[in-house]
Amino acid sequence: MHARVTAILVARNGAKHLDRTLEALSRQTRQPDVVITVDCGSTDTTAALLAAYAPTHFISADAGLSFGEAIVTAERVIAPAESDSEMLWLLAQDSAPEPDALTALLGELEIAPSVAVAGPKVMDWDAGDYIHEFGQSLTPGGATVTLVESELDQGQHDGMGDVLAVSAGGMLVRHLVWQQLGGFDLALPSADDSLDFCVRVRMAGYRVSGVAAPQAPPCHARRAAASPACLLPALDDPSALAGPGSPRGAALVRAVAAEGTRGDSG
């Protein structure tokens, strides 16, 4: 069955980066079937740029929305998923996927029905030969750990495969699974939304895969600390990391421990 991909691009005051991101989206060798752009209350020319792209749907939303809340807003304009072949592709204003990125990510989900989430190797926006982030995990105490970051990319991590989690920017996810699990937990800080979701995906019996070149050309992303709060997770904000004493931290530690007893084969 032909996969149906809905790309959701969320932006807030992102005019500085949108030209590159929108051009990258338009150059995909496998175009999304639906493109939804969401402007989160921008005061620059972001809204005009998103509208000029002529997406399937353009949404003007409140400035206070988190990335997850913006995705929920976008979902309201499309029908609920009815099959495993329907996908959501989550993008931020400073995500610029290489031309074959969607093809490669989609191939990962089409080849392996057990894979519900695929995420790209995210490269630095300015220094494109450096890995910004690739894969996420947790310490035994419940703190977020990026598996690979700030490394010169020489293909050394291209066989990573199954991971505990991937970042939100560039994530491709089965829409049915997204619906079944309720998407990102809107009560969590954006630093933890993708990690928490991917843990729940794995606990539900599905796999999460990190897809690297040459199978998946990377998406590019600016360093998260410089990104607007409603977009990419601020992974280097230590105040957003839940410790083992918090309810969320304890829950995730329990989840990872349970996952470990099952192994990583999915």
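**Entry 1**

I looked up R200 and got 23% relative accessibility, so R200 counts as partly exposed. My cut-offs: buried is under 20% relative accessible area, exposed is over 50%, and partly exposed is in between, with a 1.4 Å probe and protein chains only. The model is a predicted one, so I take local features only at pLDDT of at least 70 and side-chain atom pairs only at pLDDT 80 or more, while totals for chains, interfaces and linings use all residues. Residues are numbered from 1 along each chain as its sequence is written, and side-chain values use heavy atoms, with hydrogens and water left out.

What does the side chain of R200 meet in a salt bridge? The partner is D196, at 3.0 Å from N to O. For this term I need a side-chain nitrogen of Lys or Arg within 4 Å of a carboxyl oxygen of Asp or Glu. D196 counts as buried, at 8% relative accessibility. Both residues sit in helix α6, four residues apart, which means about one helical turn separates them. Helices here are DSSP runs of H or I with at least four residues, strands are runs of E with at least two, and the numbering goes from the N terminus.

How many salt bridges does a search of the whole structure find? The search gives three.

One of them joins D162 and R207, again at 3.0 Å from N to O. D162 is in strand β10 (residues 161-162) and R207 in strand β12, so this pair ties together parts 45 residues apart in sequence. D162 is partly exposed at 22%, while R207 counts as buried at 18%.

R30 also forms a salt bridge, with D33, and their closest N and O atoms are 2.9 Å apart. Here R30 is buried, at 15%, and D33 is partly exposed, at 33%.

**Entry 1: strand β5**

Next I checked β5 (residues 115-120). Six of its six residues are buried, so the rest of the structure largely encloses this strand. I then looked for its neighbours, counting two strands as paired if DSSP finds at least two bridges between them. β5 runs parallel to β12 (residues 207-211), with five bridges, and A118 stands opposite S209 there. With β11 (residues 172-174), β5 is antiparallel over two bridges. V117 has V173 of β11 as its bridge partner.

**Entry 2: the nonpolar cores**

V117 turned up again in the largest nonpolar core: V38, V117 and M171 have the most contacts inside this core of 35 residues. A core here is a set of buried Ala, Val, Leu, Ile, Met, Phe, Trp, Tyr and Cys residues joined through side-chain atoms within 4.5 Å. Elements that each supply at least two residues include β1 (4-11), β2 (34-40), β5 and α5 (175-181). Which helix gives the most to this core? It is α6, with five residues.

I listed what V38 touches, leaving out residues up to four places away in sequence: I8, L9, V10, A11, L50, I59, A61, A70 and A74. Contact means heavy atoms within 4.5 Å. Another core of 22 residues lies apart from the largest one, and among its members are A7, L25, L50 and L102.

**Entry 3: helix α3**

α3 is mostly covered, with seven of its nine residues buried. I noted them as F67, G68, A70, I71, T73, A74 and E75. What covers these includes β1, β2, β3, β4 and α5.

**Entry 4: rings**

F67 also belongs to an aromatic cluster with W178, F184 and F197. Rings of Phe, Tyr and Trp (its six-membered ring) pair if their centres lie within 6.5 Å; planes under 30 degrees apart are stacked, over 60 edge-to-face, and the rest tilted. The whole structure has four such pairs. W178 and F184 have ring centres 4.9 Å apart and planes at 70 degrees, so I logged them as edge-to-face. W178 is buried at 3%, and F184 is buried at 4%.

**Entry 5: positive phi**

Most residues other than glycine have a negative phi, so I looked for exceptions. N13 has phi near 50 degrees and lies in the loop between β1 and α1 (15-26). N13 is partly exposed at 38%. A54 has a positive phi of about 60 degrees, in the loop between α2 (46-52) and β3. Is A54 buried or exposed? At 60% relative accessibility, A54 counts as exposed.
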